[in-house]
Amino acid sequence: MRRTAILTSTVAVLATLALGTGPAGAVSDGAAAVGTRAGDVAAATPGCTTFRFWRGEGRTEGEICDGHAKGWVRDDKADGRCPFTRFYSLWDDETVDGPQIGPKGAVRYFTVYPPRGQVFARYASIEWRSC
């Protein structure tokens, strides 16, 4: 079994409640972009909280809304580490990870949903795995 290295740089954005309605832990890739290009951030949608994190491996930006989170993640360094965005459940220790991305320069847009019956805690972080 391959060991996965994960570093955490968690930052609390807000402790606001939201409704969880999406499929359990589902991740959807597509054109759910926050801005028109990686690096563009639109103003928060009413009822949503924006997030913006970066570290040496990459960057992620987006928003956590009622029942889902959407945004993008980008790999900024050719180092064998693939960044991804992690979201936290409000009522327990469950986490939902967005897609990881690599190689350097790659960008992926995503929408993620909390487990059924849960809501995201308006917390997000950027993490990395060896890839």
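Is C48 buried or exposed? At 15% relative accessibility, C48 is buried, because the cut-off for buried is under 20% relative accessible area. Keep in mind that this is a predicted model.

**Stop 1: the C48 and C65 link**

C48 and C65 form a disulfide, with 2.1 Å between their sulfur atoms. C48 sits in the loop between β2 (27–29) and β3 (49–55). C65 belongs to strand β4 (residues 58–65). The pair links distant parts of the chain, 17 residues apart. Now look along the S-S bond: the link is right-handed, with 115 degrees about that bond. C65 counts as buried, at 6% relative accessibility.

**Stop 2: the C82 and C131 link**

Next, select C82 and C131. A disulfide joins C82 to C131, S to S 1.9 Å. Trace the chain from C82, in strand β6 (residues 81–89), to C131, in the segment after β9 (120–130). This pair also links distant parts of the chain, here 49 residues apart. The torsion to check is 85 degrees about the S-S bond, and the link is right-handed.

C82 counts as buried, at 5% relative accessibility.

**Last view: both links**

Show both pairs together. A search of the whole structure finds two disulfides. With bonded cysteines counted along the chain, the pattern is 1-2, 3-4.

How values were computed: Residues are numbered from 1 along each chain as its sequence is written. This is a predicted model: local features need pLDDT of at least 70, side-chain atom pairs count only at pLDDT 80 or more; totals for chains, interfaces and linings use all residues. Side-chain values use heavy atoms; hydrogens and water are left out. A disulfide is a pair of cysteine sulfur atoms within 2.5 Å. Helices (H or I, at least four residues) and strands (E, at least two) are DSSP runs, numbered from the N terminus. Buried means under 20% relative accessible area, exposed over 50%, partly exposed in between (1.4 Å probe, protein chains only).
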